[in-house]
Amino acid sequence: MNSVLVVEDDEIVREVIARTLRARQFEVTVAPSGEDALALIRSRAFDMILSDVNMPGMDGFSFIRSVRMTPTLGQPEVIFISSTDDRALFKRAMNVGACDFLIKPFSGAELGEAVTSRLADRGNRMGMHAAVGLGLKGESGSAISVPGYETVRTLGEGASSKVLLAKHLHTGDQHALKLARLPDRSGEQREVINRFLTEYSMLVRISHRNVARVFEHGLVENYLYIGMEYLPGGDLRLDIDAGMAPKRAQKYAEQIAAALGAIHGAGIIHRDLKPANILMRMTGEAVLADFGIAKQIGSGLALTQNNIALGTPYYMSPEQATASPLDVRSDLYALGVLLFEMLTGRPPYLAPTSVEIMAMHVNAAVPMLPEKFAPFQPVLRRLLAKEPGDRYTSAEAAQNAIAAVQI
């Protein structure tokens, strides 16, 4: 039985669509908003999403765009529905990956035919995909095979790395395989190997529900790999774009602070805390991941060249922006940036260039939250303090302060 998620803020329209599709033997789940739909697609896979265009908060286009940008959420068929027959809307729908566009009011027969035919097209494409197979190649041209794993599909690929979904043959569990391509020059190769193995040695020591688990590591062909916990729920950016209630932002901030406490206790500074590195469990818990530029506290192994600031400008601490020495309080500053963004939907500092943003982290005043979020202002003032000594002394202290906010 094909599963359909209906996202529609009008209760009457939502229920009419649901009854129509259930009468045609589809398994139907309903959601009144993009935010509620986001929680549902993190907990299970759907064959199709039927979404209204105009909804309060996150509109249909933004919701589907977020789904399309997150491979772990699958690639369901999408049909948009709208009360406006507008060529521009139709074009936007096609641009975000819709397969059809229905104008209200439509008959039950029209709806049923559209859903049935588009799901039939999906079935044909899936069959063709299975026949073609997964052809991830190494530099030699042969398919990459990681010992102990069976590749399912590619989750993502960058200039120097790949992330695969793979089945662990011994346990049968699905893991995310992170592969880093080795450069050709020997000096660069040693640097990449050191960075990759250091990342693994840091992560393997940590066992915490809000920190991504690591299982395997090794070298295969021209790739180093780490077998990590598979977290298919997408990242924090989806929730920020959907719009978060203060209680949810507070909960996530507490969980991120708890994760920071765990890694700081293991002697690790993350240094790249941002929405893309906060992944979600199916249970809705936030999980800290991707320690690609993390640094062991007191370690002599340099993961970056001296006097070069690494990280993402929107989330950099003042000392990170100026390439000054760092400690755990740099991560607490980034936590403050995330908390501000979760509450307001935007980072605290915005400017046309990265250099200007970094300068604002160093010199600009701590921004004021809108009045409705005012109870969080004292916590943000501490987290976003320019001087590390004015911030909380530990992630645990920050977590307790966030939890104590009454909203």
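**Note on the predicted model: side-chain pairs, strand pairing and confidence**

1. Phenylalanine 61 and phenylalanine 80 are both buried; buried means under 20% relative accessible area, exposed over 50%, and partly exposed in between, with a 1.4 Å probe and protein chains only. The model is predicted: local features need pLDDT of at least 70, side-chain atom pairs count only at pLDDT 80 or more, and totals for chains, interfaces and linings use all residues. Residues are numbered from 1 along each chain as its sequence is written, and side-chain values use heavy atoms, with hydrogens and water left out.

2. On confidence, the protein has a mean pLDDT of 84, with 86% of its residues at 70 or more; pLDDT is the predictor's confidence in each residue, from 0 to 100. The value falls below 50 over residues 128-136, a stretch with 10 contacts in the model beyond near neighbours in sequence (contact means heavy atoms within 4.5 Å). Residues 298-308 also have pLDDT below 50, and here the model shows 15 contacts beyond near neighbours in sequence. Where pLDDT is low, the predicted coordinates should not be read in detail.

3. The whole structure contains 3 aromatic pairs. Rings of Phe, Tyr and Trp (its six-membered ring) pair if their centres lie within 6.5 Å; planes under 30 degrees apart count as stacked, over 60 as edge-to-face and the rest as tilted. Phenylalanine 61 and phenylalanine 80 are edge-to-face, because their planes stand at 65°, with ring centres 5.0 Å apart. Since phenylalanine 61 belongs to helix α3 (residues 60-68) and phenylalanine 80 to strand β4 (residues 77-82), the pair ties together parts that are 19 residues apart in sequence. Helices (H or I, at least four residues) and strands (E, at least two) are DSSP runs, numbered from the N terminus.

4. A further aromatic pair is formed by tyrosine 314 and tyrosine 315, edge-to-face at 6.4 Å centre to centre and 75° between the planes. How accessible is tyrosine 314? Tyrosine 314 is partly exposed, with a relative accessible area of 31%, whereas tyrosine 315, at 6%, is buried.

5. Arginine 44 takes part in both a ring contact and a charge pair. Its charged end sits over the ring of phenylalanine 46, 4.4 Å from the ring centre; a charge sits over a ring if NZ of Lys or CZ of Arg is within 6 Å of the ring centre and within 35 degrees of the ring normal. Arginine 44 also forms a salt bridge with glutamate 27 (2.8 Å, N to O), where a salt bridge is a side-chain nitrogen of Lys or Arg within 4 Å of a carboxyl oxygen of Asp or Glu. The partners are 17 residues apart, with glutamate 27 in strand β2 (residues 27-31) and arginine 44 in the loop between α2 (34-43) and β3 (48-52). Glutamate 27 is partly exposed at 32% relative accessibility, and arginine 44 is partly exposed at 30%.

6. Strand β7 (residues 161-168) runs antiparallel to β6 (residues 149-157), joined by 7 bridges; two strands pair if DSSP finds at least two bridges between them. Valine 163 in β7 stands opposite glycine 156 and opposite lysine 178 in β8. Another 7 bridges join β7 to the antiparallel strand β8 (residues 174-181). How many residues lie between β7 and β8 in their hairpin? There are 5, and glycine 172 in the turn has a positive phi of about 80°.

7. Lysine 178 also meets aspartate 290 in a salt bridge, with the closest N and O atoms 3.5 Å apart. This pair spans 112 residues, from β8 to the loop between β13 (286-288) and β14 (295-296), where aspartate 290 lies. Lysine 178 is buried at 17% relative accessibility, while aspartate 290 is partly exposed at 34%.

8. Aspartate 290 is among the residues that asparagine 277 touches, not counting residues up to four places away in sequence; others include His270, Asp272 and Val287. Asparagine 277 lies in the loop between β11 (268-269) and β12 (278-280) and counts as buried because its relative accessibility is 3%.

9. The structure holds 16 salt bridges. One of them joins the side chains of arginine 391 and glutamate 319 (2.7 Å, N to O). Arginine 391 lies in the loop between α12 (377-383) and α13 (395-403) and glutamate 319 in helix α9 (residues 318-321), so the pair ties together parts 72 residues apart in sequence. Both arginine 391 and glutamate 319 are buried. Elsewhere, a network of salt bridges links Glu35, Arg42, Asp239 and Arg248.

10. One more ring contact may be listed: arginine 382 lies over the face of tyrosine 392, 4.2 Å from the ring centre.
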